[in-house]
Amino acid sequence: MLRLELDNLSSQRIGPQGLDWESALAAHAPLLEAARQALWQRKADPGQFLGWIEVPEDTETLRQVRRFRETQDWVEALVVLGIGGSALGAQAVAAALGRGPVRLHFVDNVEPEPILELLRTLEPSKTLVNVISKSGATAETMAAFLVFRQWLEEGTVNWKKHVVVTTDPAKGLLRPYAQAEGLASFAVPPAVGGRFSVTCPVGTLPLAFAGVDLESFLAGARKANEQAQGPLSHNLPAQTALVHHLFAQKGKNIVVFMPYSTRLRYLPDWFVQLHDESLGKARDRQGREVRTGTTAVRAIGTTDQHAQVQLFREGPHDKLIQFVRLLAPSEDLKIPAVMGLEGLDYLFGRSFFELLEAEAKATAHALAKAGQPNYTLTLEKLDAYHLGWLLQHLMWQTAFLGELWNINAFDQPGVELGKEYTYALMGRKGYEELARRLRAEGV
Ligand code: PA5
C-alpha cells in the first residue's frame, strides 16, 4: 500500500500558508480531471512520449529480459554505461533491492580516474557491459563504450559475448552497430523518454542481473496506473501533483525529496532528474515564455537531519518537503542495555526502526511547527512491488504537473543544447558552424 499523509500541509499545523485539503481538492477537481483525460487520450500518439504508461503491461519484453539473464550465468559483474535517464532508475532500484551475486557498476561520468580504477578491479572474462543510450549518440556513454569495447577486445576471447546494447529500435549509431556486429540488444520503445524508462529494458535488464523481482516491480507500476486513471479520491498522483501545484503558487520554489532510508539513497537522484528535467521549461505548449519549474533537492533521513534540516526549518519559507517513509522494516535491530550508560536508557530495548520512525515523525512535526509545509508518502514495506508503484506514481505526478502547467514534460531542449555544444567543441562532423559560433562567443 502507498499512502499519503497530508496533515502537515493544513493551516492548523503550518499556519496561514496551509491548505484546507478537502476543499482544495474539490475546487481543483475539474482541472485534474481535464489533465487526466488529456494524458489518457494522448497516450496512443507516440509523438507524445507517453509510452511509459503501457510499458509495465509488456510481459513479452520482460520474458525476453529474463531469458537473456538466465543464459548469462557466467556474469559476475555488470557494468552499465549510461547517463541520466539511462542509468538513474536502475541504480536507485538496484541499491534498494539488489541481492547479488552479480555486482553492478554504473559509469555515468567521464572523469578518467574512477573509470580507470573500475577497469583495474574488473575481470573482463567475467564482465558484461550494458551500453544504454536511447539516442545512441550521447558523448559520455559513447566514449565509455569505446573504452570498454577495446578493453573487452584485448581481455577476452570474444568481446561480442560481453556486450549488450539497449537503444532505440531504429535511430542512432548504436542500433546499426549492434546489428552489424551481431551484438545482443534490447529496444527502448520510441515513445518512452530516458527519465521515464525504468520499467523498460533500460531498467529491467540491469535489474534482472541485480536479482530484483521484476514481475512484482511491474505489478507495482501497474497499480500506480490503476490509481492514475481512477476517481480523484483514489488518484494519488493527481493529488500529489495538486499539492506541488498549489505550493508552487504559494512561492515554494524548492521541492525537497527526502526518503528515510539508506537503501533508497539513490532514489532522490532519480527523482531530481525526473522532476527538474521534465518540469523546468522556458515555454508552454503554445510557445509562450513561462519559465516553469520548482527545484528538486536531494536529502536522506536521518542523515541530513544533521545537515540540511537546520536550513529547512529555519531558513526561507520557499520549500515543500516530500518525505518517503517505510511502515515496516524487513528485519530490525534491537538496542542493548549497557550498565554505566543509564543516561541512554530511553534507547535500551527499543529497536532501530522505532528510532528511525520517531526521528522522521519528529522532524516532520518540527518543520510544520516552523510553518514549513511537508507531506509523507508511506510504503507498506520496501520491496519490488512498492518500489515499482512509487516510481510509476512519481512519473504520473510529473506528468500531471506538466498538464497543470501547460508544458511538455517529455522533452528536454536545455539538455539537448548542452549535448550539441559538446559535439561542436569536440569537433563532431556536421557541427562546424556551431563550433565557429561558440568560438566567436568566446567558449
Ligand atoms: O531523460 C532524458 O531523456 C535524458 O536524461 C537522457 O536519459 C540522457 O540525456 C541520456 O540520453 P541517451 O539515453 O540518449 O544517451
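1. Let's start with the largest pocket. It has 42 residues in its lining, and S135, T138, Q412, E416 and K419 are the ones nearest its centre. Do keep in mind as you look around that this is a predicted model.

2. How much space lies in the largest pocket? About 1000 Å³.

3. Now for the cavities. The count comes to four of 30 Å³ or more, and the largest cavity has a volume of about 50 Å³. Its lining is made of 13 residues, with G85, G89, S197, V198 and V202 closest to the centre. Two elements give two or more residues to this lining, namely helix 4 (88-97) and helix 8 (201-209). Sorted by class, the lining of the largest cavity has six nonpolar residues, six polar ones and one charged.

4. Helix 6 turns up again in a helix pair. The axes of helix 5 (residues 112-121) and helix 6 (residues 139-155) come within 12 Å and cross at roughly 20°. Angles under 35 degrees count as roughly parallel, so that is the label for helix 5 and helix 6. Their crossing is right-handed. On the helix 5 side the contact is made by I115, L118 and L119, and on the helix 6 side by V147, F148 and W151. By class that gives six nonpolar residues, with no polar and no charged ones.

5. The other pair to look at is helix 10 (residues 236-249) with helix 14 (residues 384-404). Here the axes come within 8 Å and cross at roughly 55°, which makes helix 10 oblique to helix 14. The crossing of helix 10 and helix 14 is right-handed too.

6. Which residues of helix 10 meet helix 14? They are L236, P237, A238, T240, A241, L242, H244 and H245. Their partners in helix 14 are H393, W396, Q397, F400, L401 and L404. What is the make-up of this contact by class? There are nine nonpolar and five polar residues, and no charged ones.

Terms used:
Residues are numbered from 1 along each chain as its sequence is written. This is a predicted model: local features need pLDDT of at least 70, side-chain atom pairs count only at pLDDT 80 or more; totals for chains, interfaces and linings use all residues. Side-chain values use heavy atoms; hydrogens and water are left out. Axes are lines fitted to C-alpha atoms, for helices over the stretch in contact, and angles run from 0 to 180 degrees between N-to-C directions. Helices (H or I, at least four residues) and strands (E, at least two) are DSSP runs, numbered from the N terminus. Angles under 35 degrees count as roughly parallel, over 145 as roughly antiparallel, 65 to 115 as roughly perpendicular and the rest as oblique. A crossing is left-handed if the near helix is turned anticlockwise from the far one by less than a right angle, and right-handed if clockwise. Contact means heavy atoms within 4.5 Å. Ala, Val, Leu, Ile, Met, Phe, Trp, Tyr, Cys and Pro count as nonpolar, Asp, Glu, Lys and Arg as charged, and the others, Gly among them, as polar. On a 1 Å grid over the protein atoms alone, a cavity is a set of points where a 1.4 Å probe fits but cannot get out, and a pocket is an open set with protein on both sides within 12 Å along at least five of seven lines; lining residues have an atom within 4 Å of a point. Grid points are joined across faces, edges and corners, and a volume is the space filled by probe spheres set on the points.
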